[in-house]
Amino acid sequence: MYSEKVMDHFQNPRNVGEIPDASGVGTVGNAKCGDIMRIFLDIDEETKIIKDCKFKTFGCGAAVATSSMATELVKGKTIQEAMEVTNKAVMEALDGLPPVKVHCSLLAEEAIHAALWDYAQKHGITIEGLEKPKSDIHEGEEEAEDTY
């Protein structure tokens with residue numbers, strides 16, 4: 001069962017779209033469920049504040065809702081404050097997610113980090129605490145499935 005906030009962000013997503021000439025763009029996916037999330041950031045060069053944030057997501061309702069909430073959480077924040085937006089923060093802002101949909105909040109966190117990584121690469125800077133993002137949130141995990 002989804003919370004009212006999840007349903008609201010799914011049915012009325014905020015910040016949908018693209019930012020032409022974005023400061024940073026991050027794309028992540030989840031091969032197991034097929035969700036793909038792309039986050040666009042417009043960062044003020046002087047203040048390092050995220051002026052605008054938009055998303056395009058292909059996926060389930062929870063993926064759309066977490067994308068929408070993540071953009072709301074980083075808008076108006078500094079780069080360092082955006083780094084503190086975790087999947088847990090996204091879930092809490094949405095009043096929770098069903099256990100089988102927690103991966104959607106991980107996608108949102110990773111997409112933010114991927115967009116910040118892109119920004120850092122374009123500007124030749126290092127963002128404290130930021131590591132190179134995975135393109136798939138399951139990257140590096142061992143396959144636990146049996147093969148025939």
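## Surface and charge

The protein chain has an accessible surface of about 8,200 Å². Carbon and sulfur atoms hold 51% of that surface. (Accessible areas come from the Shrake-Rupley method with a 1.4 Å probe; for residues, only the protein chains shown count as cover.)

The chain carries 15 positive and 27 negative side chains. Lys and Arg count as positive, Asp and Glu as negative; His and the chain ends are left out. The centres of the two sets lie 4 Å apart.

## About the model

This is a predicted model: local features need pLDDT of at least 70, side-chain atom pairs count only at pLDDT 80 or more, and totals for chains, interfaces and linings use all residues. Residues are numbered from 1 along each chain as its sequence is written, and side-chain values use heavy atoms, with hydrogens and water left out.

## Fold and packing

The protein chain has 5 helices and 3 strands. (Helices are DSSP runs of H or I, at least four residues; strands are runs of E, at least two; numbering starts at the N terminus.) From the N terminus, the order is α-β-β-β-α-α-α-α.

Of the 148 residues, 43% count as buried, meaning under 20% relative accessible area. Take contacts (heavy atoms within 4.5 Å) between residues at least 6 apart in sequence: 62% join residues at least 24 apart.

## A look at N87

N87 sits in helix α4, which covers residues 87–93. Is N87 buried or exposed? Its relative accessibility is 16%, so N87 counts as buried.

Which residues does N87 touch, leaving aside neighbours within four places in sequence? N87 is in contact with V102, S105, L106 and E109.

Conventions:
Buried < 20%, exposed > 50% of the residue type's maximum accessible area, 1.4 Å probe, protein only. Charge placed at Lys NZ, Arg CZ, Asp CG, Glu CD.
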